[in-house]
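Welcome! Here is a short briefing to read alongside the sequence and the 3D view.

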Amino acid sequence: MRHHFNSSNGIAILIVPLITASLLIIGVGIFNFVVTELKISGELGTSFRALYAADEGIDLSLYNDRVLGQYPDAGTYTIPAAVTPTGACYNSTIIKTAAPTTEITVIGYVTATSANCAVSRLMQRSFRVFY
């Protein structure tokens with residue numbers, strides 16, 4: 001009596017782990033992509049808060065200089081940290097030279113605790129204006 005062996009016997013033992021491993025790799029890749037996108041979107045909100053704080057600082061500094069004339073003489077004026085309604089902070093520096101040139105630099109930043117500008121910064125954005 002002869003035994004005939006079918007060459008397709010046991011192929012499922014090889015195919016199933018390969019398909020399972022492939023699906024697992026694809027799933028891990030999709031998971032990493034989603035987690036990265038969520039981190040970026042969270043940082044984007046923080047970045048916008050810092051940017052808007054810097055914008056608010058520029059607006060206020062320009063208004064104080066051009067409309068109210070609070071910085072009439074040549075020199076460097078440093079405005080201490082201010083807190084915005086969103087909880088972000090900003091610092092302003094105004095430099096006036098003897099020639100009618102003014103430079104305003106504002107750094108807007110977001111800290112770990114809202115409305116406490118003294119703690120370490122998570123994100124910062126800045127604007128610099130010359131006129």
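The points below go through the helix, the sheet and the aromatic pairs.

This is a predicted model, in which local features need pLDDT of at least 70, side-chain atom pairs count only at pLDDT 80 or more, and totals for chains, interfaces and linings use all residues. Residues are numbered from 1 along each chain as its sequence is written, and side-chain values use heavy atoms, with hydrogens and water left out.

**The helix**

- Helix H1 covers residues 11-67, 57 residues in total; helices (H or I, at least four residues) and strands (E, at least two) are DSSP runs numbered from the N terminus.
- From first C-alpha to last, H1 reaches 83 Å, close to the 84 Å expected at 1.5 Å a residue (the expected span is 1.5 Å times one less than the number of residues).
- Among the buried residues of H1 are Thr 46, Ala 50, Gly 57, Ile 58 and Asp 65 (buried means under 20% relative accessible area, exposed over 50% and partly exposed in between, with a 1.4 Å probe and protein chains only).
- After H1 comes Gly 69, with a positive phi near 65°.

**The sheet**

- Four strands form an open sheet in the order E1-E2-E3-E4, with antiparallel pairing (two strands pair if DSSP finds at least two bridges between them).
- Strand E1 (75-83) and E4 stand at the edges with a single partner strand each, so one side of each has no neighbour in the sheet.
- The twist from one strand to the next averages 15° (axes are lines fitted to C-alpha atoms, for helices over the stretch in contact, and angles run from 0 to 180 degrees between N-to-C directions).
- E3 and E4 pair in the antiparallel sense over 9 bridges, and Glu 103 has Phe 130 as its bridge partner in E4.
- H1 packs on the sheet, where it touches E2, E3 and E4, and its direction makes about 35° with that of E4 (contact means heavy atoms within 4.5 Å).

**The aromatic pairs**

- A search of the whole structure finds 2 aromatic pairs (rings of Phe, Tyr and Trp, the last by its six-membered ring, pair if their centres lie within 6.5 Å; planes under 30 degrees apart count as stacked, over 60 as edge-to-face and the rest as tilted).
- Phe 48 and Tyr 52 are stacked, because their ring centres are 5.9 Å apart and their planes are at 15°.
- Both Phe 48 and Tyr 52 lie in H1, 4 residues apart, about one turn of the helix.
- Phe 48 is partly exposed at 38% relative accessibility, while Tyr 52 is exposed at 53%.
- Tyr 71 and Tyr 77 have ring centres 5.0 Å apart and planes at 50°, so this pair is tilted.
- Tyr 71 is buried at 7% relative accessibility, whereas Tyr 77 is partly exposed at 22%.
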